[in-house]
Amino acid sequence: MAQSDCGKFCDAAASDAESCCQREIATVSKCNASKVFPDKIYKSVQPKGENVTGMTCECGVFGAIACGEYPTTHDIAQMICLGLVALQHRGQESAGICTSLGKSSKNFSVHKGMGMINNIFNDEAIRKLKGNLGIGHTRYSTSAASEAVNCQPFVVHTAHGALAIAHNGELVNCESLRREVLERGVGLSTHSDSELIAQSLCCAPEDVSEHDGPNWPARIRHFMTLAPLSYSLVVMHKDKIYAVRDSYGNRPLCLGKIVPFDAGHANIEDQIAEGWVVSSESCGFLSIGARYVREVEPGEIIELSRNGYRTVDIVERPDYKRMAFCIFEYVYFARSDSMFEGQMVYSARLQCGRQLARESPLDADLVSSVPESGTAAAHGYARESGLPFGEVLCKNRYVGRTFIQPSTRLRQLGVAKKFGALAQNVEGKRIVLIDDSIVRGNTIGPIIKLLRDAGATEVHIRIASPPLQYPCYMGINIPTREELIANKLNATQLANHVGADSLAYLSVEGLVKAIQTNKSHVNPIKSGYCTACLTGEYPGGLPEELSW
């Protein structure tokens, strides 16, 4: 059975698969013919060239607050720093932490800068970040350039005191929101969506009374009605943190409970809360003595204080719209030990591998992966197919950028500096090599050559996600359509191009089915995924063209 690059299956040979592909592509092209996919402004400042390989993650947000009387015995700044280290995979350009003593709304302690978290926060920087609550951010630029002025958290000073905000995502309708803010006479110093959000929260909606002080939940709700997606926010004012997720649930956000040091694996509900944390992912909770509680629901506004947490509002999406959680959080971005929708990301990736084996079976000797992105899916493929799993590539973890310009020959062998082949595992074997995705397609070819040079008789590529064909406007830096290899070559053509014996993708339907296998609930009202980068169907429509 042959598979086309659209994920469909034909009983005929590869030539029939190509004709199936052409029919499917023609259908999709016809549907999207009237669509104009606007270029993203930030593309001009992103790295390009043959060494740039794929997608880059968006951002990570983290917040922590201590319970009980202040000052707390917990080192909140250190806790946030460790939480951001666990989220480092979501952004490596800049990071920042903002803390509050919880007693005055006039000033916050802030430290932020460019680079990796461990290079920005030393002991001296952490000591200066005194506070009983705080928020943090690690960034990869999506809507603005990679510059110090765009580092988060953003702090603005309002008539009611300082307000700090950290943001993960990208506003689809930033043009209209920017125009509204500027018409109020408010100046903006950056092109960052995060500053735009902060300034939007500074002004109270006309129908809200604030005689007794600022109504931050009402302000946040008003912003959410103006900007339907895409964002997860942590907002800090004086002694409270607000955790906010857009009504489509496009970007992840979850809640954790800080428990006593000796809590072990006891029931979390039975443990005393020493504090609360909120994070883009749950992967860092255990390392700071916290336990996963639940996800922030789509449209939910949670208020965290020294007394605990409570839901203060829920902003509903239109009745005809489904939830649109980014499916590539499962495929690519999230750390494998994070929890989404009641299941661990690792288990979802394992099921993707199983589904891939059902859709694209092979007669081979060994299943392996491109470390470490495809490992979970490779284990799933091996278990479903009954083929043994074995490592064939050894990753060099100490490869960095170099100023030495390699010769043409070494450039052609460039993958050798990143991977080594385990020759005794490879020689004379027919190998199924699993990876999570193909973006530009410029790394898989050298890997295949490396395995053939080590003695592999056949190398079959299986991709545990559908072909990427469309850009993302909601917080992920996916290359332009022209750079995406799936828009140039179908699966059969790509196999010939990279030197593989065969190549097949997981279908869109198969991906969704695999992810739903272990979910704690499959309620259609509380379920739904954004597959825009795979199908061109955007949950909030295409973004506005920017006039500025």
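In the predicted model, helix H9 has 15 residues, which at 1.5 Å a residue should span 21 Å; the C-alpha atoms at its ends are 21 Å apart, in agreement with that expectation. Twelve of these 15 residues are buried, so H9 is largely enclosed by the rest of the structure. The buried set comprises Val345, Ser347, Ala348, Arg349, Leu350, Gln351, Cys352, Gly353, Gln355, Leu356, Ala357 and Glu359.

The largest nonpolar core of the model contains 48 residues. Within this core, the residues with the most contacts are Phe328, Val367, Ile434, Leu468, Met474 and Leu511. Two or more core residues are contributed by each of several elements: the helices H8 (328-333), H9 (345-359), H10 (375-385), H15 (508-516) and H16 (532-535), together with the strands E16 (325-326), E22 (430-435) and E25 (529-530). Helix H9 supplies the largest share of this core, five residues. Another core, of 47 residues, lies apart from it and includes Leu87, Phe108, Ile120 and Leu253.

Phe108 of that other core is also among the contacts of Val155. Val155 is located in strand E7, which covers residues 154-158. When neighbours within four places in sequence are left aside, Val155 is in contact with Cys98, Phe108, Val110, Ala162, Leu163 and Ala164. Val155 and His237 are 82 residues apart along the chain, and their C-alpha atoms are separated by 10.0 Å.

Arg90 is found in the loop that runs between helix H2 (76-86) and strand E4 (94-100). The relative accessible area of Arg90 is 0%, and the residue is therefore buried. A polar atom of the Arg90 side chain lies 2.8 Å from the backbone oxygen of Cys59.

Cys67 has a relative accessibility of 17% and so counts as buried, the cut-off being under 20%. Cys81 is likewise buried, at a relative accessible area of 6%. The structure holds zero disulfides.

Methods: Residues numbered from 1 in each chain as written. Predicted model: local features only at pLDDT ≥ 70, side-chain atom pairs only at ≥ 80, totals over all residues. Heavy atoms only, no water. Core = buried A, V, L, I, M, F, W, Y, C linked by side-chain atoms within 4.5 Å. Buried < 20%, exposed > 50% of the residue type's maximum accessible area, 1.4 Å probe, protein only. Helix = DSSP H or I, 4+ residues; strand = E, 2+ residues; numbered from the N terminus. Contact = heavy atoms within 4.5 Å. Disulfide = S-S within 2.5 Å. Polar contact = N/O pair within 3.5 Å; in protein donor to acceptor, adjacent residues only side chain to side chain. Expected span 1.5 Å × (residues − 1).
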